[in-house]
Amino acid sequence: LMAVVVGAFTVTSSGRAAADTYYVAQNGSDENSCAGARNIDRPKRNIMGTNGGIACMQSPGDTLLIRQGTYPETINNYTAPYPLPSGTSWDNAFTVAAYPGETVVVQRIAIATDDHLNLNLAYWIFDGLHVVNTVPGGNEAIGLGSPNHLRFVNMEVTTAGRESTSCVLGAGNFIEFINVEVHSCGDPIAYGFYWAGSDSLFDQIKLHDTTGYGFHI
């Protein structure tokens, strides 16, 4: 079942379990402990890595807030510190978000699925990030290998016109894209969304400057 919905969408947070908020900033240090990184003045430096901010997120409901800047990192679940844990519901999801009012650019988001490696990520929210993959010969900006229950909200996604590179590529179940701008997706032929799966939501999508289809489903 595919649903394309136009209109208002409200994300509720009632019933959310008590959880921790961690911080990443470009003036931070990965030598800061996870307990220290709960203090905005003692952030981690990197998002990924065994000592990065995401490694601190272990309890459903945990949030990682990333301060202003460009981070040449791929947020993924198949390099250290994989496997990442799953949330238990939308009210108790893990959240990776830009700090309110600040611009945060990451290179890529890539979520794999592999039973043997326990890469079965679910209930993660990515909020407010600019995913800009301009690496020559690189992959799409967001690539999904059939996970379930992921939400991408209030985001920009682009490959800045790199040759034959779509912006969003993959598949999944119960994946949500809400208030996302997708643009400049490859040349000469590339897509905004090259997508498969079930129960997908595309709501308030601003899609422009693609040389192939906007949606290829």
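Among contacts in the chain between residues at least 6 apart in sequence, what percentage join residues at least 24 apart? The share is 73%, with contact taken as heavy atoms within 4.5 Å. The model is a predicted one, in which local features need pLDDT of at least 70 and side-chain atom pairs count only at pLDDT 80 or more, while totals for chains, interfaces and linings use all residues. Residues are numbered from 1 along each chain as its sequence is written, and side-chain values use heavy atoms, leaving out hydrogens and water.

On the secondary structure side, the chain has 15 strands and zero helices (both are DSSP runs numbered from the N terminus: H or I over at least four residues for helices, E over at least two for strands). The radius of gyration is 17 Å, close to the 17 Å that the globule rule gives for 217 residues, so the chain is as compact as a globular protein of that length. Here the radius is taken over C-alpha atoms, and the rule is 2.2 Å times the number of residues to the power 0.38. The C-alpha trace spans about 45 × 40 × 35 Å along its principal axes. Of the 217 residues, 47% count as buried (under 20% relative accessible area, with exposed meaning over 50% and partly exposed in between, for a 1.4 Å probe and protein chains only). The accessible surface comes to about 9,500 Å², and 49% of that belongs to carbon and sulfur atoms; these areas come from the Shrake-Rupley method with a 1.4 Å probe, and for residues only the protein chains shown count as cover.

Strand 3 (residues 63–66) is covered on both faces. Thr63 and Leu65 are buried on one side, and Leu64 and Ile66 are buried on the other. Strand 3 runs parallel to strand 2 (residues 21–24), and four bridges join the two; strands pair if DSSP finds at least two bridges between them. Another four bridges join strand 3 to strand 5 (residues 94–98), again in parallel. Isoleucine 66 takes part in both pairings: valine 24 stands opposite isoleucine 66, and alanine 98 is its bridge partner in strand 5.

The loop between strand 4 (69–76) and strand 5 holds proline 81 and also proline 83. Both prolines follow cis peptide bonds: alanine 80 is joined to proline 81 with omega at about 10°, and tyrosine 82 to proline 83 with omega near -10°.

Further along, threonine 159 sits in the loop between strand 11 (142–158) and strand 12 (168–185). Threonine 159 is buried, with a relative accessible area of 0%. Leaving aside neighbours within four places in sequence, its contacts include Asn133, Glu140, Cys167, His183 and Cys185. By contrast, the C-alpha atoms of threonine 159 and asparagine 32, 127 residues apart along the chain, are separated by 33 Å.

Alanine 160 is in the loop between strand 11 and strand 12. Its phi is near 55°, a positive value in a residue other than glycine, and at 47% relative accessibility alanine 160 counts as partly exposed. Aspartate 199 also has phi near 55°. This aspartate is found in the loop between strand 13 (193–198) and strand 14 (200–210) and is partly exposed, with a relative accessible area of 28%.
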